[in-house]
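Thank you for coming, everyone. Please open the structure on your screens and follow along as I go from one part of the chain to the next.

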Amino acid sequence: MLYYQMTGFMEGDRPEPDYALRLPAPEDAALFLDFDGTLLDIAATPDEIIVPEDLPALLTRAMDRLDGRVALVTGRNVAGLEHFLPSFDGAVIAAHGAELRVDGKTFQAGDYDTDTIAGLQRVVAEFAKLQPAFLVENKPTGVVLHYRQAQEQGALALHFMDSLAQAAPGFRLQPALCAYEIKPDSVAKDLALADMMARAPFKGKLPIYAGDDLTDEPALSWADAAGGVAIKVGGADTVAPHWLADPTALRALLARWLA
Ligand SMILES: O=P(O)(O)OC[C@H]1O[C@H](O[C@H]2O[C@H](CO)[C@@H](O)[C@H](O)[C@H]2O)[C@H](O)[C@@H](O)[C@@H]1O
C-alpha cells in the first residue's frame, strides 16, 4: 500500500451524481472554495496547474451575486494564489489559515517563530538534495516536501518530515496530496473559516464550503455543523454529506447556481 492510500487520499471509484445537493439562495450564502484539486485539477507540480478559462469570470460573478461574500481557501500563501488568480479581489484564507487577505490587505493570522521556520526550510532543502525528485515549497509560515514525482519515496518523506515536525515546538505535520507540510500548530482551515464567518460581510450567512483534501475536512465539518453545505470534491473519504466528481463538476454547479 502506498502512503497516499494510507493517509486517505487515494480516490476509489468515482461517486455517483449527488442528487440531494441543493444550495441556499445566493442572497443567504457565504461561499468558501478551496483552490487546488477543488476549483482546478491537480498537476504534476505546484507551478504547473492550469487555471480553467471559465474560472476568473465565475469568481467575479460569484462576488457580484453574493455581494463580496466569497473567500478562496488554500494551502498556498496569498502571493502564490494571486499569481494564478490576479483578478480575484475577494477574501483569501491562505497557508491553511496562517495568512489572510481581508479587504485587500494581507496579514499573518498569528505570530509564528520565523527563526524556526527558516531553520526548517534549510533542513528540508538539504534533505531534498539527496532525492532530486523531491520538491520543496517554502511558505512564509512553513515548508512543504512534495513527493508526487517520487511516490515510492512517500514513506521516507513521511518519516523525515514527521521527525522534523516533532523536533520543532509550536509546529506540526500536515499530510496533504503527495506532500507533507510543517505548519504552525495553531493553524487550521476550520479555525480560519470560523474567524472569517465572524467578520463582515460573511457574518450571519450560511457557509457553503467545497474542498478536496484532508486539510479541508475540519472546515467541511464546521460548515455542515453551522447549518451550511459541505461539498467534497473527488472520491476520497469525507465527513461531508455532499460530493462532486471533480473540479469541472463543481464549476458547472456554481455556474448554474449563479446564472
Ligand atoms: O488547500 P489547497 O488550495 O488545496 O492547497 C493544497 C496544496 O496545494 C498545492 O499542492 C497540491 O497541488 C499541486 C498542484 O496540483 C500538486 O502538484 C501537489 O502534489 C499537491 O499537494 C500547493 O503546492 C500546496 O502548497 C498546498 O498546500
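P201 sits in the loop between α6 (189-197) and β10, where helices (H or I, at least four residues) and strands (E, at least two) are DSSP runs, numbered from the N terminus. The peptide bond that leads from A200 to P201 is cis, with omega near 5 degrees, and for background, most residues other than glycine have a negative phi, and most peptide bonds are trans.

Before I go further, please keep in mind that this is a predicted model, in which local features need pLDDT of at least 70, side-chain atom pairs count only at pLDDT 80 or more, and totals for chains, interfaces and linings use all residues. Residues are numbered from 1 along each chain as its sequence is written.

Let me stay with backbone angles for a moment. D103, in the loop between β4 (99-102) and β5 (105-108), has a phi near 50 degrees, a positive value in a residue other than glycine. C178, which lies in the loop between β8 and β9, likewise has a positive phi of about 50 degrees although it is not a glycine. Which of the two words, buried or exposed, applies to D103, and which to C178? We call a residue buried if 20 or more other C-beta atoms lie within 10 Å of its own, exposed if 12 or fewer, and partly exposed in between, with C-beta atoms placed from the backbone. D103 has 10 C-beta neighbours inside 10 Å and therefore counts as exposed, whereas C178, with 22 such neighbours, counts as buried.

Now to the whole protein. The secondary structure comes to 8 helices and 12 strands. Its radius of gyration, taken over C-alpha atoms, is 18 Å, close to the 18 Å that the globule rule gives for 259 residues, so the protein is as compact as a globular protein of that length; the rule itself is 2.2 Å times the number of residues to the power 0.38. Along its principal axes the C-alpha trace spans about 50 × 40 × 35 Å, and 45% of the 259 residues count as buried.

Next comes the open sheet, in which 4 strands follow the order β6-β7-β9-β8 with antiparallel pairing; two strands pair if DSSP finds at least two bridges between them. β6 (135-139) and β8 (171-176) stand at the edges with a single partner strand each, so one side of each is left without a neighbour in the sheet. From one strand to the next, the twist averages 20 degrees. Strands β7 (residues 142-146) and β9 (residues 179-184) pair in the antiparallel sense over 4 bridges, and H146 has A179 as its bridge partner in β9.

Two helices pack on this sheet. Helix α4 (residues 114-129) touches β6, β7, β8 and β9, and its direction makes about 20 degrees with that of β7. Helix α5 (residues 154-166) touches β7, β8 and β9, and its direction makes about 10 degrees with that of β9. Axes here are lines fitted to C-alpha atoms, for helices over the stretch in contact, and angles run from 0 to 180 degrees between N-to-C directions; two residues are in contact if their C-beta atoms, placed from the backbone, lie within 7 Å.

Let us move to another pair of strands, β2 (residues 70-73) and β3, which run parallel and are joined by 3 bridges. L72 has V92 as its bridge partner in β3. Where do the side chains of β3 (residues 91-94) point? A91 and I93 point one way, V92 and A94 the other way, and all are buried.

In α2, L55, L59 and A62 are buried, and they cover an arc of only 60 degrees around the axis, which puts them on the same side of α2; the arc is that of the directions from the helix axis to the C-beta atoms. On the other side of α2, A57 and D64 are exposed. The buried residues of α2 pack against β1, β2 and α8.

In α8 the buried residues are P247, L250, R251 and L254, and they fall within an arc of 95 degrees seen down the axis, so they line one face of the helix. These residues pack against α2 (55-65), β10 (206-211), β11 (229-233) and β12 (242-244).
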